[in-house]
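User: Can you walk me through this one? I'd like to go over the contacts and a few backbone details.

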Amino acid sequence: MYIQQLTLKQFRNYEQLSLSLENTVNVILGENAQGKTNVMESIFVLAMAKSHRTTNDRELIQWDQDYAKIKGTVGKKNTLLPMELTITKKGKKAKINHLEQSRLSQYIGHFNVVMFAPEDLNLVKGSPAIRRRFIDMEIGQVSPVYLHDMSQFHKVLQQRNKYLKRMQGTDATLLEIYTEQLAALATKITRTRFDYLRLLEKWAKEIHHSITREKENLQIRYKPSVDVSEEDDLSKMINTYMEKFRLVQHKELERGMTLIGPHRDDFMFFVNDRNVQIYGSQGQKRTTALSLKLAEIEFIFNETGEYPVLLLDDVLSELDTYRQSHLLSTIQGKVQTFVTTTGIEGIDHQMVKNARIFHVENGKIEAE
């Protein structure tokens with residue numbers, strides 16, 4: 001999978017931009033605050049219909065404009081697929097092959113990307129919310145069913161929270177209905193996350209073992225907010241959720257919010273049986289994050305039969321020479337890659353030296 005053509009209109013600091021791209025390594029060179037990351041972000045938004053940098057879509061629209069538009073031609077298995085996303089202050093419109101999609105869940109998944117940026121180091125050392133966002137976005141790329149389940153879960157969660165806030169000793173029948181719906185959706189989401197993390201661990205463990213010269217063993221452990229395990233069947237999971245909801249109902253009524261469910265889950269990383277988040281060195285945390293990102297590539301290939309596009313946004317400078325070399329060697333010749341950097345002098349790898357170079361200055365891009 002690769003992106004052949006990218007067109008931007010009124011996106012961030014780009015009034016107009018049209019780029020023809022190679023199915024190889026594309027290096028975007030420029031000083032800071034010139035628009036390098038905006039190009040990467042536009043490719044990510046084209047694929048995911050959301051930004052990795054902001055939850056406010058209005059920030060994507062150029063100042064004093066009413067909309068932004070991203071168009072791309074994606075190469076997939078000997079076919080070219082036109083994609084288009086229009087972002088307005090009222091919402092988004094998505095087109096696949098010139099046909100408007102009624103739901104974004106029908107749009108996401110046609111074009112797969114993996115983004116690796118400096119903030120992704122927070123996957124290991126940051127908050128549980130960062131890890132939940134990571135897992136939801138990655139599963140969502142390959143599973144429309146998961147996207148639908150998550151959307152339904154958040155709708156029911158919002159309704160249940162509103163009811164908990166205003167419920168003052170009134171009839172609990174509606175709360176029971178919301179709880180049953182939430183438990184059923186939570187069970188499906190939890191089951192999918194267990195399965196995904198097991199697959200991700202398989203590839204991440206192998207990659208991590210290689211990067212550390214076979215000295216370290218990586219494990220990923222899912223930490224649900226209820227006491228369920230990977231071995232439980234769906235009916236047992238639902239019963240566990242329902243029992244836990246009964247136990248915490250008093251606290252939920254006091255606080256006016258739902259206290260258990262996938263929106264409270266986390267997952268942890270262990271290297272040689274020690275929790276990396278707590279005891280890991282900075283190098284171990286970086287290696288764990290890198291292993292996860294490379295494992296994502298293999299996961300998507302395993303699920304779709306095609307490699308995703310890799311976006312390396314100013315991340316090579318965050319890695320030492322050995323990790324840089326391992327990253328670039330792993331993807332060489334099989335993944336279309338975009339690299340943003342202020343200079344390639346410190347990147348010692350033949351693949352980057354043979355890459356197509358673009359220069360960015362003040363929202364203008366020129367190919368070398």
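This is a predicted model: local features need pLDDT of at least 70, side-chain atom pairs count only at pLDDT 80 or more; totals for chains, interfaces and linings use all residues.

User: Salt bridges, then. How many does the structure hold?
Analyst: The structure holds 19 salt bridges. Side chains of opposite charge can pair when their charged atoms come close.

User: What does glutamate 41 meet in a salt bridge?
Analyst: Glutamate 41 meets arginine 53, with 2.8 Å from N to O. Glutamate 41 sits in helix H1 (residues 36-48) and arginine 53 in the loop between H1 and E4, so the contact ties together parts that are 12 residues apart in sequence.

User: And glutamate 41, buried or exposed?
Analyst: Glutamate 41 is buried because its relative accessible area is 0%, and the cut-off for buried is under 20%. Arginine 53, at 39%, is partly exposed.

User: Where is arginine 12?
Analyst: Arginine 12 is in the loop between strand E1 (2-11) and strand E2 (14-20). Its phi is positive, about 50°, although arginine 12 is not a glycine.

User: What about lysine 77, what is its phi near?
Analyst: Phi of lysine 77 is near 40°, again a positive value in a residue other than glycine. Lysine 77 belongs to the loop between strand E4 (67-76) and strand E5 (79-88).

User: Is that lysine 77 side buried or exposed?
Analyst: Lysine 77 counts as exposed, because its relative accessibility is 56% and the cut-off is over 50%.

User: Which salt bridge links distant parts of the chain?
Analyst: Lysine 293 with aspartate 120 does, the closest N and O atoms being 3.8 Å apart. Lysine 293 is in helix H9 (residues 282-304), and aspartate 120 is in the loop between strand E8 (113-116) and helix H3 (122-125), 173 residues apart. Both lysine 293 and aspartate 120 are buried.

User: Switching to rings. How many aromatic pairs does the count come to?
Analyst: The count comes to six aromatic pairs. One of them is phenylalanine 194 with tyrosine 222: the ring centres are 4.8 Å apart and the planes are at 80°, so the pair is edge-to-face.

User: Why edge-to-face?
Analyst: Because the planes are at 80°, and over 60 degrees counts as edge-to-face.

User: Where do phenylalanine 194 and tyrosine 222 lie?
Analyst: Phenylalanine 194 lies in helix H6 (residues 173-211) and tyrosine 222 in strand E9 (residues 218-223), so the pair ties together parts that are 28 residues apart in sequence. Both phenylalanine 194 and tyrosine 222 are buried.

User: And phenylalanine 267, what does it form an aromatic pair with?
Analyst: Phenylalanine 267 pairs with phenylalanine 269, edge-to-face, at 5.6 Å centre to centre and 85° between the planes. Phenylalanine 267 is buried at a relative accessible area of 2%, and phenylalanine 269 is buried at 0%.

User: Last one. Where is glutamate 100 found?
Analyst: Glutamate 100 is found in strand E7 (residues 99-100). At 51% relative accessibility, glutamate 100 counts as exposed.

User: How far is it from histidine 110 by C-alpha atoms?
Analyst: The C-alpha atoms of glutamate 100 and histidine 110 are separated by 14 Å, and the two residues are 10 residues apart along the chain.

Notes: Residues are numbered from 1 along each chain as its sequence is written. Side-chain values use heavy atoms; hydrogens and water are left out. Rings of Phe, Tyr and Trp (its six-membered ring) pair if their centres lie within 6.5 Å; planes under 30 degrees apart count as stacked, over 60 as edge-to-face and the rest as tilted. Helices (H or I, at least four residues) and strands (E, at least two) are DSSP runs, numbered from the N terminus. Buried means under 20% relative accessible area, exposed over 50%, partly exposed in between (1.4 Å probe, protein chains only). A salt bridge is a side-chain nitrogen of Lys or Arg within 4 Å of a carboxyl oxygen of Asp or Glu.
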